[in-house]
Amino acid sequence: MEVGFLGLGIMGKAMAMNLLKHGFKVTVWNRTLSKCDELVEHGASVGQTPAAVVKKCKYTIAMLSDPSAALSVVFDKDGVLEEICTGKGYIDMSTVDAETSIKISEAIQSKGGHFLEGPVSGSKKPAEDGQLIILAAGEKALFEEAIPAFDVMGKKSFFLGPVGNGAKMKLVVNMIMGCMMNAFSEGLELASRSGLDPHTLLDVLDLGAIANPMFKLKGPTMIKNSYAPAFPLKHQQKDMRLALALGDENALSMPIAAASNEAFKKARSLGLGDLDFSAVFEAVKLLKHSS
């Protein structure tokens, strides 16, 4: 199965590598072409433009950073739209809003191509381990055809119906995650300020009803002020912004998500955007100091 892959950031690189390891022929493209080098060492070919990749491959997957990147890869010069045609499928696994996904879908289908959105739940390690959760929506036939690739990249694939539903599900999940990370950060800092050992707090949490893999994984590194990016904070803030916009559309008041978004924005203004999203802990510590 020959697959194109556009976007080799933290996630895309790991996902494309898994496809290569499982015998897929993969042609890659990245805006900074030097990022393709490591994949070439593992057998990938390089396309000079998104259009060149789509021309060569029956199926092309994209994993881009945000709505503007997802749109430019499709609509700009030498973009996907120039070569997509009947018989070809485009699977956008970027985290975007439903409106962006629908816009891309309509453009692809206007050229006779097939479209599926497939944002993923999971960050760097699940991507490397092929343990992502894939939230697909769009053309059911393309979903069925993509299952062999999805099974290599993820542990479970959901088909959620019409285009836009994958995007919405992903935003809801990441909104909850962002809120949890802020509550967790405030709790860790409250324990410290109160003279408690934060490690003991982690042990107590891990034995109770709110135990979860995120606290278990992130807690020890946060206590050490270590924030190697599994999921960059700037992307988490983008997802909070898009989730709040979805709340606006549905006239839903989301005060906890709104407050969490402000904390992530504060962290970005402190220059923490490229660190892991758990670095919001630094903004929480600072806010408590200054009050």
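Buried means under 20% relative accessible area, exposed means over 50%, and partly exposed lies in between (1.4 Å probe, protein chains only). I start my notebook with those cut-offs.

**Entry 1: ground rules.** I am working on a predicted model, where local features need pLDDT of at least 70, side-chain atom pairs count only at pLDDT 80 or more, and totals for chains, interfaces and linings use all residues. Residues are numbered from 1 along each chain as its sequence is written, and side-chain values use heavy atoms, with hydrogens and water left out.

**Entry 2: salt bridges.** I looked for salt bridges (a side-chain nitrogen of Lys or Arg within 4 Å of a carboxyl oxygen of Asp or Glu). How many does a search of the whole structure find? It finds 13. I noted down some of them.

**Entry 3: Arg193 and Glu189.** I found a salt bridge between Arg193 and Glu189, with the closest N and O atoms 2.8 Å apart. Both residues lie in helix H8 (residues 165-193). Helices (H or I, at least four residues) and strands (E, at least two) are DSSP runs, numbered from the N terminus. Is Glu189 buried or exposed? Glu189 is buried, at 7% relative accessible area. Arg193 is partly exposed, at 41%.

**Entry 4: Asp206 and Lys216.** I found these side chains meeting in a salt bridge, at 2.9 Å from N to O. Asp206 sits in helix H9 (residues 198-207) and Lys216 in helix H10 (residues 213-223), so the pair ties together parts 10 residues apart in sequence. I checked both for cover. Lys216 is exposed, with a relative accessible area of 55%. Asp206 is partly exposed, at 33%.

**Entry 5: Lys234 and Asp274.** I noted another salt bridge here, 2.7 Å from N to O. It links distant parts of the chain, 40 residues apart. Lys234 is in helix H11 (residues 233-249). Where is Asp274? Asp274 is in the loop between helix H12 (255-269) and helix H13 (280-290). Asp274 is exposed, at 51%, while Lys234 is partly exposed, at 32%.

**Entry 6: a nonpolar patch.** Which residues make a nonpolar surface patch of about 190 Å²? They are Leu33, Val40 and Val46. Patch residues have over 30% relative accessible area and no salt bridge; nonpolar side chains (Val, Leu, Ile, Met, Phe, Trp, Tyr) are joined within 5 Å, like charges within 9 Å. Accessible areas come from the Shrake-Rupley method with a 1.4 Å probe; for residues, only the protein chains shown count as cover. I placed Leu33 in the loop between strand E2 (25-29) and helix H2 (37-41). Leu33 is partly exposed, at 32%.
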